[in-house]
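Visitor: I am new to this structure and would like a guided tour. Could we look at it together?

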Amino acid sequence: MPLDHIAVRGAREHNLKNIDVEIPRDKLVVITGLSGSGKSSLAFDTIYAEGQRRYVESLSAYARQFLGLMEKPDVDHIDGLSPAISIDQKSSSNNPRSTVGTVTEIYDYMRLLWARVGRPHCPTCGRPIERQTVQQVVDATLAYPPGSRLLLLAPLTRAKKGEHVRLLEEARRQGFVRVRINGDVRDLDETIDLDKNKRHDIDVVVDRVVVPRPGEGEGASLRLAESVETALTAGQGVMHVATVTRGDEEEVPERIFSEHFACPYDGFSFGEIEPRTFSFNSPHGACSRCTGLGVEMQVDPALVIPDRTKSVAEGAVEPLAKSRGGQTWYQRLLEAVAEEYGFGIDTPIRELTEEQLNVLLYGSGDEKLRLRFTNDYGRTRYYDARFEGVINNLQRRHKETDSDYVRSDIERYMGAVPCPGCDGQRLRPEALGVRIDGRTVVEITTSSITETLRWFDVLAAPDTPLNEREQTIASQILKEIRSRLQFLIDVGLEYLTLDRASGTLSGGESQRIRLATQIGSALMGVLYICDEPSIGLHPVDGDRLIRTLERLRDLGNTVMVVEHDEATMRAADHIIDLGPEAGRDGGHVVAEGPIAAILDCDESITGAYLSGRRTIPTPETRRPGNGEELVIRGARENNLKNLDVAVPLGKFVVVTGVSGSGKSSLITEILVKRAVNVLQNGRQHPGRHDAIEGFEHLDKVVDIDQSPIGRTPRSNPATYTGVFTVIRELFASVPEARARGYKPGRFSFNVKGGRCEECSGDGYKLVEMQFLPDVT
């Protein structure tokens, strides 16, 4: 008979004191207690670790050697354990290609929807794209300049690895004589050996033709029509026309013709629309200029001239400040520019006109300037030279230099700007030309989750703009997209956009996204373990999160939450309170049961605060501060509406608001980045704002965020805080160490001479056991 609870016996992991716990199945269970009392040790390092280990051990020995098998936790035994899924606070991938849409898989369904239901439009003229007939292809080919030498090609494979022996043999059997492989025309009679580990583009040469002059024989047109039909058949409805150039003839772009989609007005055409056409992670869909990142690294004028109150002579142009005061060629050039355009090198940058500043940064074009140069011997000479501009000079040197030092030095003045090729939209023009109800896939991903769901609801409504065939195709896709969007709204993330980079999400946001994804999977009989999902969530959104956890429970799952939030604890079916203190004084089960049992337990600190026996008193007086303040003017980053905000100094200041209200945009993106640039000579790119006043009252800024402090196994609190450095110096200063000539490095486990060479300072040796857990 299956157990109705998960029984943990003799848990001793970390600071747990050999505890026994019974956790009811198919319930919402909260594990609470002081920080460091052993909550994560019980939930993640014991229960989850054992559930994961048992699942992996159920696989074959061959499969287990490729998986990271977790060590058996220090516990006597656990009965009634279900397959476990951990949803912790680790932030999502920092990969710039990872977005909210890709993490939740909503964008995968959207790519499929646009590929199957989208209506293609010409990116050039905006007209709907139609299918091309054989006669249209022939007419377009005859429109080339008379005498042009053309190759009619049928594509056989694109960007596929392999030797392609059978493909080439089939082309030879069908009577073709030549093929084009990766741009080179080869005879099929010769031996063709291809690298099986590289990707290859292979086209068969159907015909080689010369475009006839108007009125010259109809035979050429008939032959061309037959060749086009053959090419379209061999290429499965797609063919290429390439121009053969000789010598210094200008190369003509290759044209693609398709029986599928093409613009009859300006000749733009592309092949079959596939889901990968809309993927910015695939070369078939990504913008060729930025490779799908949506941004390019370019010299940023704000980083080149960080302080506009200075003049050129005072070092306003940061890259030139090092050579300030020397009789250099570039300085003489700057003086000539200033003289020619009516300003002095002693004039503050903020007083220059837009034209003068533009010349300083981007050059004088083809106009030559008269330079006067005096050498060390006092001889003066005159030269005529063009001025390319500070930014153009940095861009050119960054592109041409072979020195890593020079390149890294210039990159200090570079920032990410939207790609000019795709305007920051990541995709190729043909992908941006496919629309549903007049909207592209990128337009939808830039809208908030709420607006996006509202638009998809319109597509699924009875008065949908889709025709009957499109409704049949889209019905299942729309169902999946709408349900996933609703899950995101249920966990309080309706303010996000699908194109938001996952690396910019907080730990709480990342966890709630994974929570929404798990609800969408609709599994049952699973043990879900969450790590403080309410962190960073405004109380107004707390009820929706609790309803989401209850929904996951009602599917037939056991939901275990490590949590401090009062509302979550009061909503729980069962609570386990660990303590009574933290660290070595924790690890005991102080109380367990429903909320009433925790409230009635005198030993429970959690129960004391929940029942009101203990409270955190509100201060009767407030700190007066030092009377100064930081004033942010015209904050417009993300959703900020041109705010003016005054932050008093010398006080404990809290910035609050509902999730997505703009707190991080105001403080992290604008205030912190600008403060780092001003106070610590940083090179960060702050969010849009007019000005920040009051930095003269500050010495430095310290940004403490949610990122992990270190991942190396040798990092510990002593090394991270710097205490271990003082300890090592203390030991190196004792008489015995000085007599032996020991330096502080002698007492370090990170360098040779101090560390144990047997284990390289790790403190243990690791023995790999293939399909068994590694032995330490």
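Visitor: What should I know before starting?

Guide: This is a predicted model, in which local features need pLDDT of at least 70 and side-chain atom pairs count only at pLDDT 80 or more, while totals for chains, interfaces and linings use all residues. Residues are numbered from 1 along each chain as its sequence is written, and side-chain values use heavy atoms, with hydrogens and water left out.

Visitor: How many helices and strands does the protein chain have?

Guide: The protein chain has 25 helices and 26 strands. Both are DSSP runs numbered from the N terminus, with helices (H or I) of at least four residues and strands (E) of at least two. The C-alpha trace spans about 105 × 90 × 65 Å along its principal axes.

Visitor: And into which domains is the chain divided?

Guide: The division gives domain 1 (5–91 + 507–512 + 524–611), domain 2 (134–258), domain 3 (297–418), domain 4 (629–697) and domain 5 (708–775). These bounds come from an automatic or database domain assignment. Between the C-alpha centres of domain 1 and domain 3 there are 61 Å.

Visitor: What share of the residues is buried?

Guide: Of the 776 residues in the protein chain, 41% are buried. Buried means under 20% relative accessible area, exposed means over 50%, and partly exposed is in between, with a 1.4 Å probe and protein chains only.

Visitor: Let us turn to a sheet. In what order do the six strands of the open sheet come?

Guide: The order is β9-β8-β10-β7-β11-β12, with antiparallel pairing. Strands β9 (184–187) and β12 (255–258) are at the edges and have a single partner strand each, so one side of each lacks a neighbour in the sheet. From one strand to the next, the twist averages 35°. Two strands pair if DSSP finds at least two bridges between them.

Visitor: How many bridges join β7 to β10?

Guide: There are 10 bridges between β7 and β10, and the two run antiparallel. One of the partners can be named: arginine 149 is bridged to valine 210 in β10.

Visitor: What about β7 and β11?

Guide: Strand β7 (residues 149–161) and strand β11 (residues 238–243) are joined by four bridges and run antiparallel. In β11, threonine 243 is the bridge partner of leucine 150, and histidine 240 is that of leucine 153.

Visitor: Which helix packs on the sheet and touches β7, β10 and β11?

Guide: That is helix α7 (residues 219–234), whose direction makes about 165° with that of β10 (199–210). Helix α5 (residues 134–142) lies across β7, β11 and β12, and runs at about 160° to β12. The axes are lines fitted to C-alpha atoms, for helices over the stretch in contact, and angles run from 0 to 180 degrees between N-to-C directions.

Visitor: Staying with β7 for a moment, is lysine 160 buried or exposed?

Guide: Lysine 160, which is in strand β7, counts as exposed because its relative accessibility is 51%. Leaving aside residues up to four places away in sequence, lysine 160 touches Lys198, Arg199 and His200. Contact means heavy atoms within 4.5 Å.

Visitor: A new topic, then. How many aromatic pairs does the structure hold?

Guide: It holds six aromatic pairs. One of them is tryptophan 114 with tryptophan 455, a stacked pair at 5.8 Å centre to centre and 20° between the planes. Tryptophan 114 is in helix α4 (residues 106–117) and tryptophan 455 in helix α15 (residues 449–460), so this pair ties together parts 341 residues apart in sequence. Rings of Phe, Tyr and Trp (its six-membered ring) pair if their centres lie within 6.5 Å; planes under 30 degrees apart count as stacked, over 60 as edge-to-face and the rest as tilted.

Visitor: Which residues do the ring pairs link into a cluster?

Guide: The cluster consists of Trp114, Trp455 and Phe456. Tryptophan 455 and phenylalanine 456 have ring centres 5.1 Å apart and planes at 75°, so this pair is edge-to-face. Tryptophan 114 counts as buried, at 0% relative accessibility, and tryptophan 455 is also buried, at 9%.

Visitor: Which residues does isoleucine 436 touch?

Guide: Not counting residues up to four places away in sequence, isoleucine 436 touches Leu113, Trp114, Val117, Gly118, Trp455, Leu459 and Leu466. Isoleucine 436 is in the loop between β19 (434–435) and α14 (441–445), and at 2% relative accessibility it counts as buried.
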